[in-house]
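Please read this short report with the sequence and the model side by side.

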Amino acid sequence: EVFTALADLEDLLSTESVLIETLENYIRAEEQKLDLLKRFADIYQKQHNLASEDVQLYVSNPINAYLLVKRLTADWKQVESLMGTVISHDYLMNITYFKETLKFPTDEDLNGAAVALTRLQDTYRLDTSSLARGELNGVKYSAELSAADCFELGRQSYNNGDYYHTQLWMREAEARLKREANETVDQSDILEYLAFSTYKEGNIPLALDLTNKLLEILPTHTRALGNKVYYEEEIEKSKESFIPKKGDDESDDIENYGHYEPDPYGREHYENLCRGETQLPAEMSAKLRCRYARNNNPFLLIAPFKLEEMHLKPDLYMFHDVMSDREIETVKRLAQPRLLRATVQNSKTGELEIAQYRISKSAWLKEHEHKHVADIARRVEDMTGLNMATAEELQVVNYGIGGHYEPHFDFARKDEKNAFKSLGTGNRIATVLFYMSDVSQGGATVFPVVGAALWPKKGAAAFWYNLHASGDGDVLTRHAACPVLAGSKWVSNKWIHERGQEFRRPCTPERPPEDLIA
Ligand SMILES: O=C(O)CCC(=O)C(=O)O
Ligand SMILES: [Fe+2]
């Protein structure tokens with residue numbers, strides 16, 4: 001699929017230009033055919049008019065007689081054959097070929113892109129009307145959505161069983177339809193989806209109202225007639241089982257209908273962080289320093305790393321200017337053709353699989369592939385003072401529309417079946433995450449347990465230890481990649497393993513990582 005990485009979506013534009021050209025050529029060919037037919041018709045009309053002036057005189061002339069017969073036999077065959085020529089066939093064949101050879105989105109992509117939009121809508125609290133106007137947080141990026149576009153978003157949500165977003169988008173479709181001179185969708189279709197999703201969400205009285213509205217437009221709509229009866233019966237039933245107390249009325253009951261989806265633990269907090277609404281406590285911010293890191297490395301005396309502390313306990317760092325634009329270009333160029341939908345490890349089976357909670361595409365680069373890749377690994381060693389012999393290859397990630405990675409740990413937990421065991425290099429002791437692009441909106445790396453947010457900055461890299469010095473996983477390092485709201489997010493990361501660090505980060509429980517870094 002293509003929607004999971006922005007890099008792949010770019011290719012869709014060239015696919016589209018090929019399709020436009022094919023369509024234009026097809027229209028031209030059809031027009032030529034019609035022009036030819038028109039010319040035949042003109043000639044026939046002229047001859048016919050001439051003959052009609054004096055029918056007897058005309059047919060009594062043997063040449064005319066011959067021409068008349070010819071026109072209705074041999075010539076007419078030509079007309080029929082031209083009429084019967086199917087021009088579309090070749091063009092459709094070409095399109096089939098393009099579908100096989102060019103990058104082409106599927107129905108799954110459409111669904112993925114629609115789900116991504118609704119995810120962004122929730123995380124960034126975007127209101128449906130502004131989104132339909134092409135605005136993201138007050139910034140206008142794109143064309144407006146038509147009523148039909150909104151309808152399609154609602155329909156996709158409906159197909160996913162997401163009746164909450166179905167209603168939001170069907171209502172928007174209805175509002176937009178009222179303002180459309182050339183209506184792009186039927187109101188009755190909107191009402192049908194709206195009524196049914198409202199019923200699914202538990203608001204039967206409103207579902208009935210909407211169905212009645214639909215029946216005003218289409219009084220014989222079979223499904224609507226059936227549903228009307230059903231809804232009325234359900235409302236009657238609920239009245240019977242509802243014994244009103246004195247002074248009570250049914251409106252209380254109706255208020256309880258509607259969308260209710262319990263937030264999984266910490267969801268609210270996670271989304272606040274993604275929106276940049278959570279700040280670190282002032283006591284901590286006051287302690288955070290920026291400094292030059294030399295790591296006792298002679299090379300770094302000349303060009304030390306710019307290191308910014310982002311959080312204490314767990315210690316989160318940001319290195320600035322540690323990947324050059326040229327290196328970034330190389331890494332992107334090598335990775336781009338190999339990007340595959342990122343997988344996650346099923347903690348029960350140990351199998352790698354794709355999941356809605358991680359939407360991006362990734363590729364792995366080996367050091368021998370390019371000097372720049374080797375330079376990056378070497379730099380990570382200089383930055384962290386850790387041994388890179390057991391580190392994983394460089395993972396390159398590109399996030400697509402609404403691309404994200406929900407809260408997770410980078411280390412394998414004890415009860416987990418994991419692939420690290422077979423590597424024999426121990427757990428992922430530390431993470432270095434390079435930001436290879438600026439992101440216009442969204443896309444922060446957030447740590448919901450401790451309330452820290454790192455915002456992507458091209459050329460910078462985040463660093464933290466996933467494990468305590470004892471080797472136990474640090475649960476405070478739970479982190480996530482927030483959905484990208486606008487822009488393309490490229491990152492690459494180096495996961496450093498335990499094996500080989502015995503002398504660099506000895507296994508003592510109380511050892512501040514500052515010793516290693518500063
Ligand atoms: O892209 C990010 O900001 C974080 C990515 C991440 O956590 C991961 O790939 O494990
Ligand atoms: Fe991670």
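Predicted model: local features only at pLDDT ≥ 70, side-chain atom pairs only at ≥ 80, totals over all residues.

His408 lies in strand 12 (residues 404-408) and His479 in strand 18 (residues 479-481), so the pair ties together parts that are 71 residues apart in sequence. Strands (E, at least two residues) and helices (H or I, at least four) are DSSP runs, numbered from the N terminus.

Residues are numbered from 1 along each chain as its sequence is written, while chains are lettered from A and ligands numbered from 1 in the order in which they are written. Local features need pLDDT of at least 70, side-chain atom pairs count only at pLDDT 80 or more, and totals for chains, interfaces and linings use all residues; side-chain values use heavy atoms, with hydrogens and water left out.

## Domains

The domain assignment divides the protein chain into domain 1 (6-101), domain 2 (107-255) and domain 3 (290-517); such bounds come from an automatic or database assignment. The centres of domain 1 and domain 3, taken over C-alpha atoms, are 63 Å apart. Four residues of domain 1 and 10 residues of domain 3 take part in the contact, where contact means heavy atoms within 4.5 Å.

Leu6, Ala7 and Asp8 supply 84% of the area that domain 1 buries against domain 3, more than any other three residues.

## Salt bridges

A salt bridge is a side-chain nitrogen of Lys or Arg within 4 Å of a carboxyl oxygen of Asp or Glu. The structure holds 29 of them, and one is counted between domain 1 and domain 3. Two examples are tabulated.

| Salt bridge | N to O distance |
|---|---|
| Asp8 and Lys361 | 2.6 Å |
| Arg223 and Glu192 | 2.5 Å |

Arg223 belongs to helix 11 (residues 222-241) and Glu192 to helix 9 (residues 187-200), so this pair ties together parts that are 31 residues apart in sequence.

## Backbone details

Lys313 and Pro314 are joined by a cis peptide bond, with omega about 0°. Pro314 sits in the loop between strand 4 (305-311) and strand 5 (316-320). Arg125, a residue other than glycine, has a positive phi near 45°. Its place is in the loop between helix 5 (107-123) and helix 6 (128-132).

Notes. Buried area = accessible area lost by both parts, 1.4 Å probe.
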